[in-house]
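Please take a moment with the sequence and the structure, and then follow the paragraphs below from one region to the next.

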Amino acid sequence: MKLKINKGLNLRLAGALPGYSSKEVEPVSCAVVPDDFPGFTPKLLVREGDTVLAGSALMYDKFSSDVCLVSPVSGTVKSIVRGERRKILRVVVENDRKHETLTFDTEVPPAELLARSGFFSMFRRRPYDIVPAPDILPRDIFVTAMDTAPLAMPLSARLPEGAQNVLARAVKVLDSLTDGKVYLSIGGEWSFGDIPGAEMVHVSGPHPAGNVGIQIANISPISKGENIWTLDVVTLYKIGLLLETGRPDFSTLVAVVGSEAASPCVISTYMGADMESVTGGLVKDTPCHKRVISGNVLTGTVVSSSDGYLRFPYRQVTVIAEGDDVDEFMGWANLSPSKISISRALPFHGLRRLFSPDARLQGGRRAMIMSGEYDKVMPADIMVEYLLKAILGRNIDDMEALGIYEAAPEDFALCEFVDTSKLPVQQIVRDGLDFLRKELE
């Protein structure tokens with residue numbers, strides 16, 4: 001099957017990777033952040049000072065006790081950080097660098113194995129874009145092998161040579177968890193051929209073509225009462241390794257990129273690694289203020305370079321200028337050629353050059369402007385303006401009719417980028433999904 005996405009936008013940003021060779025970085029500590037796993041209500045299983053192995057459960061889901069968040073490294077539970085009303089913000093494990101890993105029984109049912117080993121928490125369920133419950137099986141399972149986000153490293157480049165057999169083993173297990181199909185969406189850089197048991201979908205087009213939600217909307221849309229599980233091909237490969245060896249692998253390749261990265265490169269580290277270890281020596285020594293983003297510039301999480309941690313999905317760190325120290329003539333109205341815009345009103349709109357954006361809002365928030373600008377970058381059959389108004393008005397019937405069951409915040413990231421009104425579109429969608437789930441489940 002072939003799928004061509006016509007709408008979207010590829011951002012031409014400075015600081016791309018020159019290649020995909022990696023160097024190893026051993027983190028001082030790693031953190032597990034429950035907020036990275038929507039729908040997961042954490043209950044602690046450890047205390048500060050406890051010794052854990054890689055794969056040891058740190059917390060479980062209050063409403064689905066088999067689903068666990070586990071330690072990515074062996075060591076000691078250094079701290080349990082809480083926020084308001086004792087909400088668990090993160091559990092930090094000090095790395096002992098011994099790499100001792102818990103071994104799991106691969107003869108147990110697949111859903112139980114995935115849940116207890118921590119990999120099930122890396123799945124997402126549509127609707128609601130949350131961690132699924134293993135006892136509610138999906139209509140289909142979608143696996144994406146693409147990452148079209150700005151400055152992203154291709155997902156297929158994260159797989160070793162000869163990964164076909166491991167992927168096939170994992171696909172066979174996923175196929176046993178659904179009565180439908182296991183779709184595997186691949187791009188032009190895919191070099192592993194067809195994977196037995198998977199419905200291969202060759203996808204082309206600009207970002208967000210690599211988003212699994214856009215693929216679902218164009219291949220087999222979801223209807224009310226149905227649910228779909230999604231994951232990426234790297235998680236699929238790690239599931240295959242777990243089935244072969246019984247030992248989970250929590251290593252990850254992280255692309256450190258962006259205009260303020262001194263030398264964009266790929267490092268090999270562990271999920272949840274402390275940001276000081278990840279970015280050490282890789283950020284430009286310039287006087288401007290810098291923003292460190294765990295993820296890409298569209299959907300990533302802002303973290304501190306000194307006490308922050310790599311956040312899910314653990315594969316990219318982008319460093320750009322903050323922009324709060326810029327003294328610019330005419331401010332946001334300046335027609336500098338260094339600004340990035342999709343508007344033809346900007347004189348330098350057509351220049352094909354690399355841009356070095358900063359984190360400024362470039363204007364103030366205002367009422368929603370019905371200009372159709374969302375439609376230019378939204379390849380799914382969703383009327384974004386009307387969906388946002390339905391969410392803000394908490395109109396459940398309109399939310400359902402306008403396609404919220406297919407929605408996930410990342411699919412609206414480009415809408416937020418081009419938005420003249422400066423609305424926090426992704427947060428609005430997230431709030432709408434949480435509200436709908438609270439009302440209907």
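The expected span of a helix is taken as 1.5 Å times one less than its number of residues, and helices (H or I, at least four residues) and strands (E, at least two) are DSSP runs, numbered from the N terminus. The model is a predicted one, in which local features need pLDDT of at least 70 and side-chain atom pairs count only at pLDDT 80 or more, while totals for chains, interfaces and linings use all residues. Residues are numbered from 1 along each chain as its sequence is written, and side-chain values use heavy atoms, with hydrogens and water left out.

Helix α2, residues 164-175, has 12 residues and reaches 16 Å from its first C-alpha to its last, close to the 16 Å expected at 1.5 Å a residue. Its buried residues (buried means under 20% relative accessible area, exposed over 50%, and partly exposed in between, with a 1.4 Å probe and protein chains only) are Val-166, Leu-167, Ala-168, Ala-170, Val-171, Val-173 and Leu-174. Among the elements that cover these buried residues, by contact of heavy atoms within 4.5 Å, are α1 (110-117), β11, β12 (182-186), β14 and α4 (233-245).

Strand β14, residues 228-232, is itself mostly covered, with five of its five residues buried. In a regular strand the side chains alternate between the two faces of the sheet. Both faces of β14 are covered, with Ile-228, Thr-230 and Asp-232 buried on one side and Trp-229 and Leu-231 buried on the other. Strands count as paired if DSSP finds at least two bridges between them. Strand β10 (residues 124-126) pairs with β14 in the antiparallel sense over three bridges, and Arg-124 has Thr-230 of β14 as its bridge partner. Strand β11 (residues 140-144), by contrast, pairs with β14 in the parallel sense over five bridges, and here Thr-144 is partnered by Asp-232 of β14.

Elsewhere, an open sheet of four strands runs in the order β3-β9-β8-β5, with antiparallel pairing. Because β3 (29-32) and β5 (51-52) stand at the edges, each with a single partner strand, one side of each is left without a neighbour in the sheet. The pairing of β5 with strand β8 (residues 75-82) is antiparallel over two bridges, and the bridge partner of Val-52 in β8 is Gly-75.

One last stop is Tyr-386, which lies in helix α6 (residues 384-392) and counts as partly exposed because its relative accessibility is 46%.
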